[in-house]
Amino acid sequence: MDNTYTQNVPSVGLGTYNMTSEEAELLTYESLKHGYRHIDTAAVYKNENGVAKGLEKFLDKSDLKRENIFITTKLWPGGLVKVDRIKDYTGTVKSFEKSLMRLNLDYIDLYLIHSPHGKNKRLDQWRALVDLKDSGKIKYIGVSNWGVNHLSELKDNNLPMPDANQIELHPWSQKHELVKFLRNENIDIIAYSSLVPLSTWRHKDGENSKKTDEMYEIGLSENSPFKILANKYNVTEAQFLLKWAVQQNFAILPKSIDVNRMKENFNLDFIIDNQDMEYIKTMDKGNSITWEYGDPLQVK
Ligand SMILES: NC(=O)c1ccc[n+]([C@@H]2O[C@H](COP(=O)([O-])OP(=O)(O)OC[C@H]3O[C@@H](n4cnc5c(N)ncnc54)[C@H](OP(=O)(O)O)[C@@H]3O)[C@@H](O)[C@H]2O)c1
């Protein structure tokens with residue numbers, strides 16, 4: 001797969017949620033060696049230092065330079081539980097500086113507000129990101145899990161719109177209205193949890209999943225529509241689901257701790273025909289299913 005970009009973001013990035021620091025170090029290194037140029041982490045994943053080590057090891061051995069690699073990390077906005085204080089402007093800048101330090105970098109390519117649940121401090125957090133971008137410490141600023149209502153607040157306050165919004169997107173949660181809004185506003189769309197319909201998606205003990213048993217069973221069935229479609233294109237179900245996103249110009253962030261799967265997820269050289277793309281439109285079940293704050297409609 002060649003490394004295409006949406007507008008600002010490389011189309012295929014490595015997701016690192018649920019990776020330990022050691023796993024993030026290994027997979028960052030191996031994925032960059034394999035051709036990935038984008039790594040997605042977050043303060044709350046607690047593995048930014050692993051990403052830093054993997055990146056450093058890769059750059060030491062490669063002709064590529066820091067500026068050839070795209071690193072995304074995210075501000076945890078705070079406020080979910082009492083001890084988790086909502087970050088104000090200063091708290092946001094401090095959090096950013098900590099991520100920068102853990103990543104051992106002097107700038108971040110894309111810095112996102114992880115979710116809109118920072119409520120009345122959301123605009124302060126955004127103003128801090130705008131100023132950090134102006135200072136050159138961040139190339140692109142964005143949000144994650146923000147809906148039309150949250151994005152409209154920025155407009156109402158004469159603030160710049162984000163460069164990107166990272167949202168849960170897969171055939172079971174297609175968010176047509178939000179996608180249309182983002183396209184109209186020229187905001188890059190980054191799809192996460194593309195592999196939700198797979199039976200192997202977060203199926204290990206302790207992995208956070210809100211999938212119902214029925215959803216897991218669809219993935220296991222020999223008649224799963226994705227098995228049938230994948231067979232038609234002679235690819236795996238994972239490749240089919242990832243291509244569905246890339247073909248719509250969504251950037252993707254497949255996560256795997258298995259080097260062979262990581263390689264498979266990067267190999268997307270085929271085209272899904274229009275008829276099948278139309279058929280998938282009928283599979284939308286609506287809301288997000290990974291975590292409650294992953295659903296823009298649930299956060300006021
Ligand atoms: N902004 C947000 O709120 C948010 C929320 C969720 C995720 N994200 C980002 O998006 C990334 C991706 O989302 P995700 O971690 O939910 O899941 P994902 O990439 O959709 O799927 C990962 C799951 O599928 C399995 N898998 C990966 N490749 C596979 C393959 N080729 N065949 C079969 N199974 C495969 C993985 O298991 P193994 O690891 O065992 O291979 C893991 O259980 C995250 O890592 C994170 O960077 C952001």
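Where is Lys 119 found? Lys 119 sits in the loop between β4 (108-113) and α4 (122-134). Helices (H or I, at least four residues) and strands (E, at least two) are DSSP runs, numbered from the N terminus.

Before going on, note that this is a predicted model: local features need pLDDT of at least 70, side-chain atom pairs count only at pLDDT 80 or more, and totals for chains, interfaces and linings use all residues. Residues are numbered from 1 along each chain as its sequence is written.

| Residue | Phi | Loop |
|---|---|---|
| Asn 186 | about 65° | between α6 (176-184) and β7 (188-192) |

A residue is buried if 20 or more other C-beta atoms, placed from the backbone, lie within 10 Å of its own, exposed if 12 or fewer, and partly exposed in between. Lys 119 is exposed because it has 12 other C-beta atoms within 10 Å. Asn 186 counts as exposed, with 9 C-beta neighbours inside 10 Å.

Now turn to the helices. The axes (lines fitted to C-alpha atoms over the stretch in contact, with angles from 0 to 180 degrees between N-to-C directions) of α8 (residues 225-233) and α9 (residues 237-246) come within 8 Å and cross at roughly 90°. That makes α8 roughly perpendicular to α9, a label for angles of 65 to 115 degrees.

Terms used:
Angles under 35 degrees count as roughly parallel, over 145 as roughly antiparallel, 65 to 115 as roughly perpendicular and the rest as oblique.
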